[in-house]
Amino acid sequence: MFTNTNYESKLSPTMTENWLVQIFKNSTSGIQTTDTPDLALSFASTTFDGVVYYPAILNKPSISYSLDLKNFTTNTGSLTLNIGNIDIDGTTLLGTLGKNYLNAHVNILSQIDNDDTAANALQIFSGKVSSFGYKNNTIIMNIISNRPFQNVSIPQGRTSSTNEAHNNKIVPLVYGDYTASTGKAFNAEVFKCPFHKNDGTDFMFLVPEGTSGSDDLEFYDDSIKRFLPLTDTNTSIADVDGAKVLKVPKSMKRIADVFPDEVPASEVVFGTATTKTAGEFANIIDDNTGTSVTVSNSTGFSNDIGGFFVKLIMPELRGKITNLKISLEATFTQTYSNFAASNGLRVTVQDTASFVSAPNSSAHCFGSPARSQLESGTISITDVDITDYVTDHNATDDAGYFPDDCYLYFDFNALGGSASYADFSATIKEVSFKITAENDLDKEPVASTSFNAGIEEVYLGRDILTESYRTHSTADTASDLNNPVAIHRQLLDAIIDVDDFVDDTDIEDSGFKTVAELRDSNTSSPASSTHWKTRFSSHNQEPLEKVLNKLQYEGCFFFQFNPQAQQTALTGVSPLRYFTIDNGVPTANIALSQNDISGYELGITEVGDLETNLVINYKPHPAEDRYLKQATYTADTGSGQNLSHGTIFEQASHQKEEVNLDYVFDSVDDAGSDRNDDFVNFRSSLFGDYKTTINVTLVNPEKYGMIQVGDFIDFSSILFQDLGSPFDAISDTFDSFVAMPTNLFGDTWSNKRFIITNLKRNIGSVSIGCREV
Amino acid sequence: MSSFFVYDSINQYRSDNTISEGTFGAGFSASDSLTNHKRVSDQNIGTAITGVNANDAIAYTLGTGGTANAIAVYFSGSDGVTANGDEMTVRAGNLVNSLTAAGKSFASTDSGWIVSNVHDSANYTDVGSYTIWCVEFNEAITNVAEILIGRKLDFEIEPDINVQSKIEYENSIQRSLGGVEYALNVNPGQEVITISFQNISSTFKQDLTTMQDAIKGEGKKFLYYDGSSYHWVRLNETMTFTEVADGRFSTQIKMRQQIQ
């Protein structure tokens with residue numbers, strides 16, 4: 001609703017309305033409705049705030065506002081004014097207009113009963129002069145709505161260098177909370193940092209403004225599909241060529257904390273009378289020490305080497321391996337006799353599965369140098385250095401790279417004399433490796449350079465959460481740049497310098513607080529809201545308007561530059577307008593009966609509008625052209641109009657719609673049951689079923705005077721007899737004062753809310769298009 | 001008093017004329033003496049000049065000399081004068097230092113129109129032809145919104161008694177489905193006055209035609225006095241003369257009130 005209680009109180013069934021057009025030259029700084037305009041025009045002669053308005057407007061323009069529910073965008077249409085070529089203090093309007101009126105600011109106000117008081121008129125439009133012309137002694141002036149983001153692109157940060165090779169590179173624009181990669185778990189909570197240049201010893205990568213934290217850069221090893229910390233990163237952000245950079249030595253040392261890719265059970269090599277007795281070999285790389293595999297020998301052997309080789313398919317990292325560490329969780333038992341010092345259990349990593357006492361290469365991780373002769377024990381080793389395995393293995397494989405085969409060798413040795421085993425058993429719970437790799441600058445300098453040039457970017461898991469606009473004193477977390485609304489507001493502030501909030505009241509008046517809190521669970525009000533976690537990153541030039549619209553789409557909220565933006569002196573008015581659709585049945589802004597309207601049309605949403613089978617791809621991979629997650633929605637089979645997708649579209653494979661979310665990555669599905677709990681709930685509540693539509697022409701000023709797109713309407717169908725005593729005694733003749741003339745197809749109007757999606761305001765009437773929500 | 005028109009006979013509303021502000025002493029001397037001085041010559045009675053003090057003056061310099069016998073001044077509010085006397089003086093000439101013609105001083109009025117002759121020795125005697133017409137304010141005065149220098153055309157006879165008058169409000173009446181009506185008014189209403197002459201002389205016909213030429217038909221606004229009230233009007237349509245007898249004509253004049 002527009003906000004102006006003074007104006008609202010003047011609305012009456014019989015009134016004089018005048019539209020006042022204030023035009024401020026593009027060089028004029030004060031453009032509030034209380035400032036004196038450079039041109040003051042109106043339909044009828046009047047004064048407003050002590051300024052005389054020329055009754056020079058010849059046509060009856062209309063102002064159109066619209067709201068696209070599908071895409072969550074708003075639009076205010078342009079309008080054309082035909083203005084008499086009046087004489088203004090000795091100069092005709094034609095002679096007055098010049099280039100200083102191009103893009104001049106325009107306010108349009110509705111004035112009731114020639115009320116001169118500034119606070120008593122309502123601003124109904126805020127825009128700019130797009131063009132003007134002259135025809136038949138009439139000035140034709142085209143006015144468009146305020147669209148400061150038009151033609152603006154992001155990112156706007158660029159490097160600045162006298163060396164053109166390093167000049168004008170795009171500095172990425174990134175917001176959100178990110179997490180650095182640690183441990184063995186797959187992590188893709190990082191953003192991209194493009195390569196800038198090298199300084200002889202270090203590579204430099206561009207990082208976004210506002211980057212906080214001290215985490216390392218990360219390298220994406222596309223052969224193992226993992227982001228790996230570049231452990232020698234200089235974690236202090238430096239200023240180079242007018243941009244922020246992080247440096248990392250050219251060797252780009254990175255550490256992968258990984259499990260083997262696979263443990264093929266069919267390639268396990270068992271010694272004499274040895275077999276798997278429990279579990280599965282895959283259990284040893286499932287990141288769960290609660291599962292295991294047991295290999296046993298119960299018959300024993302003497303003067304021989306027993307045990308088993310577990311084949312490990314090792315991840316093939318890019319670059320040269322410079323360090324290798326193993327971690328192993330296992331238990332064992334062994335029953336033996338006549339052991340010498342050289343007998344007992346030893347665990348090594350081998351490149352061949354050969355039961356010999358001294359393999360060509362070995363990497364001892366347990367039982368070295370002295371073999372274990374405990375009758376039972378636990379093997380719990382962490383990060384034992386077995387670099388020898390990749391630097392000192394057989395001559396057929398390159399040092400610094402894994403051999404073709406890799407085995408975890410449990411070697412139960414009873415070789416020599418009368419040494420013998422009666423039995424043994426080994427239970428392996430988990431085995432993993434820490435692999436350090438570097439660019440191979442010595443052996444493959446060209447390949448290494450190409451390798452670096454080829455990747456073009458590394459990654460970073462630091463937060464960029466701090467907003468530049470004013471935050472609410474008690475709801476500041478909702479302003480952190482990790483929900484779609486806060487990021488939207490940040491872009492308006494940082495890119496096009498939209499007026500900042502003035503104070504808490506302004507933030508509340510704009511609707512920002514309410515909508516941002518609905519999309520951010522880190523709030524106390526509303527307590528039940530879910531966090532629509534959002535990350536934003538932009539690396540290539542793209543239109544700001546497109547980005548803002550997509551944030552609105554993914555965040556399911558609307559934004560509008562308030563048509564009342566220059567009337568902020570009034571209590572409750574903000575230049576910005578954020579709004580969405582509340583849970584359940586939204587509160588109606590106005591209730592209409594047949595006495596308020598001169599005509600109406602009913603309809604239903606067309607089949608093409610239905611979204612009954614959605615596949616939602618979300619959380620884009622930072623390095624690959626794919627999404628990490630997917631959610632699906634299929635309309636339930638229900639009663640009445642609530643039909644399943646297959647019924648409506650004949651079969652499930654028809655009209656199946658795929659949606660990609662690039663920013664919102666949480667609360668996409670299954671976060672709750674309310675409309676605002678997640679993306680799927682919101683869209684399915686609007687488009688998962690048929691909805692009714694209604695076009696109405698309102699003629700009662702008391703009802704149409706203050707409405708805007710996005711407001712909710714209740715069409716009354718209550719009859720006096722429904723109200724009970726004493727109202728049921730009132731004659732049916734008076735039912736028309738509270739009811740619509742017809743039902744809504746097969747339903748009544750009761751308990752339905754309609755959102756205004758189109759609104760056309762003329763002097764004397766307002767036409768609206770509404771849709772059931 | 002009988003009815004009359006006052007219309008622009010000197011072509012003062014031509015855009016290539018020069019209207020200057022200044023002071024009057026030995027002659028007219030241009031200076032920045034008034035605020036928005038052109039508002040008195042813009043055919044708009046809604047805006048007034050301000051900052052008028054004694055001896056401030058406005059001069060109209062015409063491209064071609066013009067002849068006038070009357071001056072009409074509109075006050076959009078109180079003139080700020082406690083006792084009306086000779087608050088303004090109109091002069092004419094061809095040189096700013098030699099504006100010796102006319103020389104008529106006349107009184108202002110407290111809101112509304114005041115009409116005076118410009119010749120200082122006789123009523124509504126033509127003065128002209130001169131290229132410079134100057135109006136001096138003899139004391140501080142307020143709310144001067146329009147100064148029309150032209151010719152007063154007295155009616156040869158009063159119009160027929162079937163004078164028609166109506167007011168058009170351009171109201172919009174919207175009726176709801178429930179039968180409730182909502183009225184929207186967008187302007188205060190324009191009076192449309194129609195006067196008829198059944199039998200006028202060819203001389204008066206010629207005078208009317210001269211006036212119609214001077215005001216370019218519906219082009220310029222003029223002043224109509226109906227015997228009791230002034231009306232700032234524009235022709236709603238041009239006049240049609242019908243010869244009803246040899247040298248006698250009938251016509252109808254339809255005028256629309258101008259709000260500004």
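User: Why is strand S46 of chain A said to be largely enclosed by the rest of the structure?

Analyst: In this predicted model, strand S46 covers residues 765-772 of chain A, and 7 of its 8 residues are buried, so the strand is largely enclosed by the rest of the structure. A residue is called buried when its relative accessible area is under 20%.

User: What makes strand S45 of chain A a partner of S46(A)?

Analyst: The requirement is again at least two bridges. S45 (residues 754-762) and S46(A) have 8 bridges in the antiparallel sense, so they count as paired. Here Asn758(A) stands opposite Gly769(A). S45(A) and S46(A) also form a hairpin, with 2 residues between them. In that turn, Gly764(A) has a positive phi of about 100°.

User: Why is Gln567(A) called buried?

Analyst: The cut-off for a buried residue is under 20% relative accessible area. Gln567(A) has 3% relative accessibility, and therefore it counts as buried. This residue is found in the loop between strand S36 (558-561) and strand S37 (576-579) of chain A. Leaving aside neighbours within four places in sequence, its contacts include Asn4(A), Gln32(A), Leu109(A) and Val573(A).

User: What makes S22 and S29 of chain A edge strands?

Analyst: Each of them, S22 (269-270) and S29 (363-366), pairs on one side only. They belong to an open sheet of 5 strands, in the order S22-S26-S31-S28-S29, with antiparallel pairing. S22(A) pairs with strand S26 (residues 304-311) over 2 bridges; the rule asks for at least two, so this pair qualifies. Within it, Val269(A) has Phe309(A) as its bridge partner.

User: Why is the link between Arg39(B) and Asp89(A) called a salt bridge?

Analyst: The rule requires a side-chain nitrogen of Lys or Arg within 4 Å of a carboxyl oxygen of Asp or Glu. The closest N and O atoms of Arg39(B) and Asp89(A) are 2.5 Å apart, so the pair is classed as a salt bridge. Across the interface of chain B and chain A, the rule finds 1 salt bridge.

User: What else describes the interface between chain B and chain A?

Analyst: The contact takes 24 residues from chain B and 28 residues from chain A. Between them the two chains bury about 2100 Å², with 57% of it on carbon and sulfur atoms. Leu177(B), Tyr182(B) and Leu184(B) supply 30% of the area that chain B buries against chain A, more than any other three residues. There are also 10 residue pairs in polar contact between the chains.

User: How do you know that a strand of chain A pairs with S13(B)?

Analyst: Strand S1 (residues 14-24) of chain A and S13(B) run parallel and are joined by 3 bridges. The definition asks for at least two, so they pair. Thr14(A) stands opposite Ala183(B) in S13(B).

Technical notes:
Residues are numbered from 1 along each chain as its sequence is written. Chains are lettered from A and ligands numbered from 1 in the order in which they are written. This is a predicted model: local features need pLDDT of at least 70, side-chain atom pairs count only at pLDDT 80 or more; totals for chains, interfaces and linings use all residues. Side-chain values use heavy atoms; hydrogens and water are left out. Contact means heavy atoms within 4.5 Å. Buried area is the accessible area (1.4 Å probe) that two parts lose on being put together, summed over both. A polar contact is a pair of N or O atoms within 3.5 Å; within protein, one must be able to donate a hydrogen and the other to accept it, and residues adjacent in sequence count only if both atoms are side-chain atoms. Helices (H or I, at least four residues) and strands (E, at least two) are DSSP runs, numbered from the N terminus. Buried means under 20% relative accessible area, exposed over 50%, partly exposed in between (1.4 Å probe, protein chains only).
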